[in-house]
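I opened my notebook to look up a few things in this structure. Here is what I jotted down, entry by entry.

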Amino acid sequence: MQTSNVQPKNKISVAVVFYNPTRAELQQTKCNIEKLMTLTTYQFSFYLIDNGSPTVKIEQEIFAEVSNVVSFVELKNNQGFGKGHNTVLSKLNSQYHLVMNPDIKLDDLKGFQHAIEYLDQHNNVVLLSPLVRDAKTGKIQYLNRQLPTVFDLFIRFLGPNVFPKRQTRFTKRFTGYDHIQNEENATGSFMLLRTEAFKRVKGFDPRFFMYFEDTDLTVRLSKIGQVIIYPSFTVYHGWRRVNHSFKGMFPMIQSMVKYFNKWGWKWY
């Protein structure tokens, strides 16, 4: 009896949560899906989750051309970033799960493949973050951060010129972006997760409506495996930075209080 030499394909699920996305973000997400589909060595499943946006009909119109490869989840109201992603948690039947923001531009397909190969070879890694660059300028976004203290968060809100040495240390500006290393505080804009581990920690903590859900997830995943930054893989990020406006300040403070109540208050 002959046996097949064909290796089974890695199953990779991809989830994007939308809330009032711009048309450009929708087109970019569609483009990302089309690019990933060219990687025929993997078996993809895509979940597009709308958090009660008035733009839902526009979203469905734009994704009509790829409707055969995506599952569209329409929620009645805005349940927040983490809870929105959790709505598909029970449906995941993949080896790796990708949490991706609508404002991500995914061009580095070779880097993506290398990242998957790295995960294949390192079973202890439960979360991999890429190098994130600004979509407009191409400059590194310093998102490989230390675990936060109240002081670090306060001075970051005031601007980059307030205690600049402290902010440089917090964002690992000179040590965290040219080699693989452990990551304490991964960005939620792009998370390549081992699905089994993501399910094991029951996804995002739904108590965080917006902000700190990615920090909290990193802490919990770090207790069962390794979280790394993998600079050989690059993505480009639009980064709305709503939390740097007064509109975004109050939900950020609410989430900050929930985070420190959960993990202990660190003031400095």
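**Rings.** I started with the rule: rings of Phe, Tyr and Trp (its six-membered ring) pair if their centres lie within 6.5 Å, and planes under 30 degrees apart count as stacked, over 60 as edge-to-face and the rest as tilted. By that rule I get 17 aromatic pairs. One of them is Y42 with F44, an edge-to-face pair with 6.0 Å centre to centre and 85° between the planes. I also found one aromatic cluster formed by Y42, F44, F46, F112, F190 and F233.

**Ground rules.** I am working with a predicted model, where local features need pLDDT of at least 70, side-chain atom pairs count only at pLDDT 80 or more, and totals for chains, interfaces and linings use all residues. Residues are numbered from 1 along each chain as its sequence is written, and side-chain values use heavy atoms, with hydrogens and water left out.

**Buried or exposed?** Buried means under 20% relative accessible area, exposed over 50%, and partly exposed in between (1.4 Å probe, protein chains only). Y42 counts as buried because its relative accessibility is 10%. F44 is buried too, at 14%.

**Helices and strands.** I count nine helices and nine strands; these are DSSP runs numbered from the N terminus, with helices being H or I of at least four residues and strands E of at least two. In helix α5 (residues 150-158), I noted V150, F151, D152, L153, I155 and R156 as buried. G159 follows α5, and its phi is positive, near 125°.

**Around α9.** F250 sits in helix α9 (residues 246-263) and is exposed, because its relative accessibility is 54%. With I253, V257, W265, W267 and Y268, F250 makes a nonpolar surface patch of about 680 Å². The areas come from the Shrake-Rupley method with a 1.4 Å probe.

R166 lies over the face of Y268, 4.2 Å from the ring centre. That rule wants NZ of Lys or CZ of Arg within 6 Å of the ring centre and within 35 degrees of the ring normal.

G264 is in the segment after α9 and is partly exposed at 29%.

**Overall size.** I saw the C-alpha atoms fill a box of roughly 65 × 40 × 35 Å along the principal axes.

Definitions and conventions. Patch = residues over 30% accessible without salt bridge, like charges linked within 9 Å, V, L, I, M, F, W, Y side chains within 5 Å. Salt bridge = Lys/Arg side-chain N within 4 Å of Asp/Glu carboxyl O.
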